[in-house]
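Subject: Structure handover

Hello,

Please find the structure below. My notes on it follow.

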Amino acid sequence: MSAPKELRVSKDRKLLTVTFPDHAPFELSAELLRVLSPSAEVQGHSPEQRVTVPGKRNVAILKIEPVGNYAVRITFDDFHDTGIFTWNYLHTLGHEKDARWQAYLGELAQKGLSRDR
């Protein structure tokens with residue numbers, strides 16, 4: 001997967017627009033990126049260890065830093081910054097964001113958790 005030609009954070013810091021060459025831009029919310037962070041803290045070291053992260057409706061992006069030529073590290077305003085978002089992962093999130101978002105909402109409901117706390 002080649003690098004995006006543009007990563008743009010919205011003025012309110014709530015939306016990341018990712019534009020890959022020869023592809024329409026993807027809009028990924030800060031909340032989606034935070035709750036689906038590829039970090040071990042969220043993903044665990046196996047599918048059974050994956051954590052459903054509640055209370056991130058109002059999370060914002062503080063900064064984005066390049067990691068080599070293959071990824072970025074996103075720091076959120078809750079100071080979570082351990083996820084390395086590879087170009088492949090961002091591309092996958094762009095294509096699967098609706099299904100992954102619905103799965104996340106289902107997990108919240110199943111576990112009695114909320115986007116607000």
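Does Arg34 count as buried or exposed, and at what relative accessibility? Arg34 counts as buried, because its relative accessibility is 5%; buried means under 20% relative accessible area, exposed over 50%, and partly exposed in between, with a 1.4 Å probe and protein chains only.

Before the rest, some conventions. This is a predicted model, in which local features need pLDDT of at least 70 and side-chain atom pairs count only at pLDDT 80 or more, while totals for chains, interfaces and linings use all residues. Residues are numbered from 1 along each chain as its sequence is written, and side-chain values use heavy atoms, with hydrogens and water left out.

Arg34 sits in helix α1 (residues 30–35). Leaving aside residues up to four places away in sequence, Arg34 touches Glu41, Val42, Val53, Lys56, Val59, Phe76, Asp78 and His80. A contact here means heavy atoms within 4.5 Å.

The protein has 3 helices and 6 strands, in the order β-β-β-α-α-β-β-β-α along the sequence. Helices (H or I, at least four residues) and strands (E, at least two) are DSSP runs, numbered from the N terminus.

There is an open sheet of 3 strands, ordered β1-β2-β3 and paired antiparallel; two strands pair if DSSP finds at least two bridges between them. β1 (6–9) and β3 (26–29) are the edges, each with a single partner strand, so one side of each has no neighbour in the sheet. From one strand to the next, the twist averages 20 degrees. β1 and β2 (residues 15–19) are joined by 4 bridges, and Leu7 has Val18 as its bridge partner in β2. Helix α3 (residues 87–110) lies across β1 and β3, at about 90 degrees to β3. Axes are lines fitted to C-alpha atoms, for helices over the stretch in contact, and angles run from 0 to 180 degrees between N-to-C directions.

The largest nonpolar core has 25 residues, and those touching the most other members are Leu28, Leu33, Ile61, Ile74, Phe76, Phe85 and Leu90. Such a core is a set of buried Ala, Val, Leu, Ile, Met, Phe, Trp, Tyr and Cys residues joined through side-chain atoms within 4.5 Å. Helix α3 gives the largest share of this core, 7 residues. Leu28 has contacts that include Leu15, Val18, Leu33, Leu90 and Leu93.

Of the 117 residues of the protein, 38% count as buried.

Regards
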